[in-house]
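Subject: Structure handover

Hello,

The structure I promised is below, followed by notes on what was found in it.

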Amino acid sequence: MVVDASQHQGGKLIDGFHLIIKALQLNDIETVYNVPGIPITDLGRMMQIEGMRVLSFRHEQNAGYAAAISGFLNKKPGVCMTVSAPGFLNGLTALAHATTNCFPMILISGSSEREIVDLQQGDYEEMDQLAVAKPLCKAAYRILNAEDIGIGFARAIRGALSGRPGGVYVDIPGKLLGQTMDYDSGINSLIEVIDPSPKHLPSPAAVRRAIELLRKAERPLIILGKGAAYAQADADIKTLVEKTGIPYLPMSMAKGLLPDTHSQSAAPARSLVLRESDTVILIGARLNWLLSHGKGKTWGSVNKKFVQIDIEPTEMDSNRQICAPIVGDIGSCVRALLNEMGDNWSLPPSSWTKLVQEKKNTNIERMAQRIRNNNVPMDYHGALGVIRKIIMERPDIMLVNEGANTLDFARSIIDMFQPRKRLDVGTWGVMGIGMGSSIAAAIETGNPVLAIEGDSAFGFSGMEIETICRYNLPICVVVFNNGGIYRGIDENNDVKDISTTVFVKGARYDIMMEAFGGKGYNVSSPDELLNAVREAIVSGQPTLINAVIDEASGTESGRIGNLNPQSIISKKES
Ligand code: ADP
Ligand code: TPW
Ligand code: MG
C-alpha cells in the first residue's frame, strides 16, 4: 500500500520509508536502479511519488551495472536497490565490480527479520547479507533504527566517494521501513554530507621529486587511466599533456579525454612506447594485468622509472617500484605539477617524438587499409570501420562495448573525441555490463547510446531490451553476430554435446527487439550497417541491429589468448 508522506506530516510522524527518501534527496541522489519485491516494492513507489526517478530492470545485476556506471559518469554514488537474498546476490556482482573499478556505488537491499536470520530459523529469503557483502565492497552497514537512517546514508555516501571511490552496501531490514518517529526529530536526524570527496593535495616534495625525474627523461610517456576520466580534470590534463609535449597512451575508458586523433596520442604505437619509454607517468591507471603488471616483454629491457598519481597511497609499488609517487586527487596533483613546471619546460627530445610519430604513421596507414573493406560476410574491421565513421560524425554518442574480439577490435579501431564517452568491461573484463551501462548512459546523459556487443556478451543482459523499449530510450544495440564465443566454428570433436563456444546458427537478435516494439535490422554488409546505425541514431528509437559477422574471423579470447592455461595433453587426445 502506498502512503503519502503528507499524512504523516499531519500526524507529526515520519516513517522509515520517507526518512530514506529524504536522506537520499538531501544528498542530491534522485535516481535509483532497481528490481522490486518484498520488502522494497513500496519504497520504490514512494520514491517515485516523492519525485525520484526509479527505473525497474529485469535482473538486479543489470540494475547494479547501471548504478556503477552512473557513479563513474557523475562522480556521485549510483544507487541500486534490490530485494533480499537472491536479489541481493544478483546485485552484489555489480557492487564488487564497482569496487574493483573504483566507481562510487551504493547497493541498498531489503533484508529479512534479524531475529529470525540470526537464529537461522528459515525466514523468507533468509541470509546474513551484511556478512556476505563485507568482503566484496569498501564498506557495509546495516540500519536498524529509524533515527539512524540519516547517519547510515551519510556513512554510505562518504564511504563510496571519499579517497578511492568504490561500492558500499546498506542493509535495510524490512521492519525499518515501517518504523515511525517524531517528524521534526526525524528531519533533524538527516545529514547533508559536506564535501564527501575532499580535495587531497599532494605533498610539495612529492611534486618536486616527480618534476626532477621528468626533466631528466629522454623518452617519457604519459598513461591516462579511467581514474583520470573519473576525476573530471579534463582541461588541466590536456594542458599537462600539451605543455610537456609527452606522448600519451589512453587506457580504454580514458579514450577521448583528449581526442584520439591528437598529435601526441601514442595509441597507434602502443607496443613501441611501452617497450622503449624510459620514464612513465601513470595518471589514474594501475599497473595491473591490463598493463602487464609493468613487467615482462611488453615493457622491454629499458630500465624504466615510474611516476604515479593516485588517490590511494597503497597503490604505489604494487607491481613495480614507483620512483616518484604523488598521492592525491588527480585534479590537485596535475595542477601542482603544472605550477612546479614553470614557464620554460623543454619538450622531449625530437628523436623520441619522431620515432613515435613514424610508428604511428605506419600503423594508422595499415589500419586504414584493413577497415576500408566491404566484405560480405563482414569481418570485424569492415564492420567497425563503419562504427568508427559514426562516432566521427557524432562524437557525443555514448559508446558501450563488450565482447572479446568485438571489444578488442573496437577499442583500437574506434576513435573517441570526448571524455567519458566510452564505457566498457572495466578491470575484470566482465561480460554483462552492456544493457545496464547503456540504460544508465541514456538516463544520466540524455545523449544517444550505441552499444557494440559480441553475441555472447549481449546474452548476459539481453533481456533488458524490454527495459530499453519500456522507457523508450535512444539506444542502438549492434550485436556482432559471429555465432559464438570468440568464433562460431569450433568443431564438437565427436563428443555428445555441441562445442562449448558455439551458438545457434543464423540467430536473429533483431527479432527480439521487435517483440517489445523496438526496431530491428538484420544486416550483412558494412554499407547496410552504416545506414541502419545512422537511421537509428537519427530516430532516437530503441533499435537492435543484428550484424552478421564471418564466423571464422575472430581469435580465441581476442587479444588475450595468451592468458589461457595450456595443457600438456592435446584437446583431441583427452
Ligand atoms: P585503467 O583500468 O583505466 O588503467 P584503473 O581502474 O586501473 O584504470 O585505475 C584507476 C585508478 O585511479 C585507481 O587506482 C584509483 O585509485 C585512481 N583514482 C580514481 N579516482 C581518482 C581521483 N579522483 N584522483 C586520484 N586517483 C583516482
Ligand atoms: C561474467 C568469459 C570473455 S569474452 C566472452 C566470454 C564468455 C564472450 C566473447 O564472445 P562474444 O565476442 O561476446 O560473442 P566475440 O566477438 O569474440 O565473438 N563470464 C563473465 N565474464 C567473462 N569475461 C567471461 C564469462 C568471456
Ligand atoms: Mg561472438
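I begin with helix α15 (residues 330–341): its 12 residues should span 16 Å at 1.5 Å a residue, and its end C-alpha atoms are 16 Å apart, which agrees. The expected span is 1.5 Å times one less than the number of residues. Helices (H or I, at least four residues) and strands (E, at least two) are DSSP runs, numbered from the N terminus.

This is a predicted model, in which local features need pLDDT of at least 70 and side-chain atom pairs count only at pLDDT 80 or more, while totals for chains, interfaces and linings use all residues. Residues are numbered from 1 along each chain as its sequence is written, chains are lettered from A and ligands numbered from 1 in the order in which they are written, and side-chain values use heavy atoms, with hydrogens and water left out.

Back to α15. Its buried residues (under 20% relative accessible area, 1.4 Å probe, protein chains only; exposed is over 50%, partly exposed in between) include Ile330, Cys333, Leu337 and Met341. Just after the helix, Gly342 has a positive phi of about 70°.

A polar side-chain atom of Asp310 lies 2.5 Å from an oxygen atom of ligand 1, and a polar backbone atom of Ile311 is 3.1 Å from a nitrogen atom of the ligand. The protein covers 96% of the 580 Å² of accessible area (Shrake-Rupley, 1.4 Å probe; for residues, only the protein chains shown count as cover) that ligand 1 has on its own.

Some backbone points to check by eye:

- The peptide bond joining Ile38 and Pro39 is cis, with omega about 5°.
- Val376 to Pro377 is also a cis peptide bond, with omega near -5°.
- Arg420, not a glycine, has a positive phi near 55°; Arg420 counts as buried, at 13% relative accessibility.

Regards

Terms used:
Polar contact = N/O pair within 3.5 Å; in protein donor to acceptor, adjacent residues only side chain to side chain.
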